[in-house]
There are 2 protein chains.
Amino acid sequence: MTPTPDAPAELASVLRIAVVRLSRRIRSERDPELDLGLGALSVLGILHREGAQTIGSLAETERVRPPSMTRTVGCLVDRGLVVRNKNADDGRQVVVELSEEGWRVVEAERRRRNAWLARQLAELTADERDLLRRASDLLGRLATA
Amino acid sequence: MTPTPDAPAELASVLRIAVVRLSRRIRSERDPELDLGLGALSVLGILHREGAQTIGSLAETERVRPPSMTRTVGCLVDRGLVVRNKNADDGRQVVVELSEEGWRVVEAERRRRNAWLARQLAELTADERDLLRRASDLLGRLATA
DNA sequence: TGAACTACTTAGCCTCGCTAACTATTCCTC
DNA sequence: GAGGAATAGTTAGCGAGGCTAAGTAGTTCA
């Protein structure tokens with residue numbers, strides 16, 4: 001059936017389309033209450049998991065340019081979810097960390113945040129979820145390659 | 001190590017982040033020659049695989065609102081890659097199909113288009129690619145769920 | 001025949017990427 | 001230790017590509 005079952009080019013095409021569409025789908029399912037973009041949510045998640053970070057390191061992790069991260073962080077500061085601090089050792093750096101409010105929001109939203117996707121995933125078989133779990137790791141590696 | 005190894009919520013979080021990041025990465029790698037957005041490329045791909053389609057059906061396939069698809073198709077028309085035709089049976093519908101130029105471009109770009117991703121995929125093992133192939137199918141199903 | 005519905009378009013907004021250019025700070029060399 | 005290069009972040013402004021609301025043209029049906 002498949003003439004070249006292992007051809008990377010063909011897989012690239014299929015994978016690209018699937019990833020882009022799913023990304024759009026996820027975007028369209030975000031919680032309307034907390035009107036934060038996906039990038040902002042992602043940053044909150046990073047700060048929650050890994051603690052305070054500089055703008056630069058957040059930008060690198062998210063694979064975004066510094067100005068974009070400055071803006072994202074600016075939004076979060078405006079909503080009081082994170083605080084900006086100057087690094088005492090290197091005055092050029094800005095260290096961003098979750099505020100108390102930010103912690104509360106992340107903790108509270110963590111469960112709701114993935115609601116749609118989690119609901120879809122719950123309808124798959126355990127084998128399929130396991131497949132996706134391993135695939136996620138690969139996708140993550142591709143994203144940072 | 002994993003307290004609940006099959007928990008959909010946890011997988012949702014991991015998968016969401018991986019998909020969104022990879023999607024950004026793919027976007028940043030598109031061919032600068034052919035200055036078409038990802039959406040436009042995707043539409044060309046659909047028309048190539050499935051033949052002429054109405055705006056509405058393209059919008060549905062791409063999970064986008066009709067006005068967005070109107071604009072995307074407009075771009076493609078401007079570049080002479082597709083043609084808009086009125087449906088003879090139902091004058092409200094617009095049927096979009098690839099122009100000769102569009103065919104040529106799709107055929108020619110098909111291989112180059114996925115270059116970056118295909119290159120990354122080529123560095124994986126055959127098993128990993130197989131994993132991703134099966135995952136792509138699942139991701140596609142999630143995207144249209 | 002005229003009201004309701006449908007397919008698409010137009011107008012205009014918003015998010016969130018980007019680059020270019022600027023400021024502030026640090027580092028490095030003489 | 002003064003001065004230029006390098007680095008971190010910001011500001012300004014652009015562009016892609018989603019969206020909704022409202023308008024137009026064609027179709028259906030009472």
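A salt bridge (a side-chain nitrogen of Lys or Arg within 4 Å of a carboxyl oxygen of Asp or Glu) links B:R141 to A:E128 in this predicted model, with 3.7 Å between the closest N and O atoms. The rule finds four salt bridges across the interface of chain A and chain B. The rule for polar contacts (a pair of N or O atoms within 3.5 Å; within protein, one must be able to donate a hydrogen and the other to accept it, and residues adjacent in sequence count only if both atoms are side-chain atoms) gives three residue pairs across this interface, both residues being at pLDDT 80 or more.

On the side of chain A that touches chain B, the elements giving two or more residues are α1 (8–28), α2 (38–50), α3 (55–62), α6 (115–122) and α7 (126–143) of chain A. Helices (H or I, at least four residues) and strands (E, at least two) are DSSP runs, numbered from the N terminus. The most residues come from α1(A), which gives 18. This side of chain A comprises 32 nonpolar, eight polar and 14 charged residues; Ala, Val, Leu, Ile, Met, Phe, Trp, Tyr, Cys and Pro count as nonpolar, Asp, Glu, Lys and Arg as charged, and the others, Gly among them, as polar.

Contact (heavy atoms within 4.5 Å) involves 54 residues of chain A and 54 residues of chain B. The buried area, that is, the accessible area (1.4 Å probe) that two parts lose on being put together, summed over both, is about 5600 Å² between the two chains, and carbon and sulfur atoms give 64% of it.

In chain A, three strands form an open antiparallel sheet in the order β1-β3-β2; two strands pair if DSSP finds at least two bridges between them. Because β1 (53–54) and β2 (82–86) of chain A each have a single partner strand, one side of each is left without a neighbour in the sheet. Five bridges join β2(A) to the antiparallel strand β3 (residues 94–98) of chain A, and A:R84 stands opposite A:V96 in β3(A). Helix α4 (residues 66–78) of chain A lies across β2 and β3 of chain A, at about 120° to β2(A). Axes are lines fitted to C-alpha atoms, for helices over the stretch in contact, and angles run from 0 to 180 degrees between N-to-C directions.

In chain B, three strands form an open antiparallel sheet in the order β1-β3-β2. There, β1(B) pairs with β3 (residues 94–98) of chain B over two bridges, with B:Q53 opposite B:V96.

Residues are numbered from 1 along each chain as its sequence is written, and chains are lettered from A and ligands numbered from 1 in the order in which they are written. In this predicted model, local features need pLDDT of at least 70, side-chain atom pairs count only at pLDDT 80 or more, and totals for chains, interfaces and linings use all residues, while side-chain values use heavy atoms, hydrogens and water being left out.
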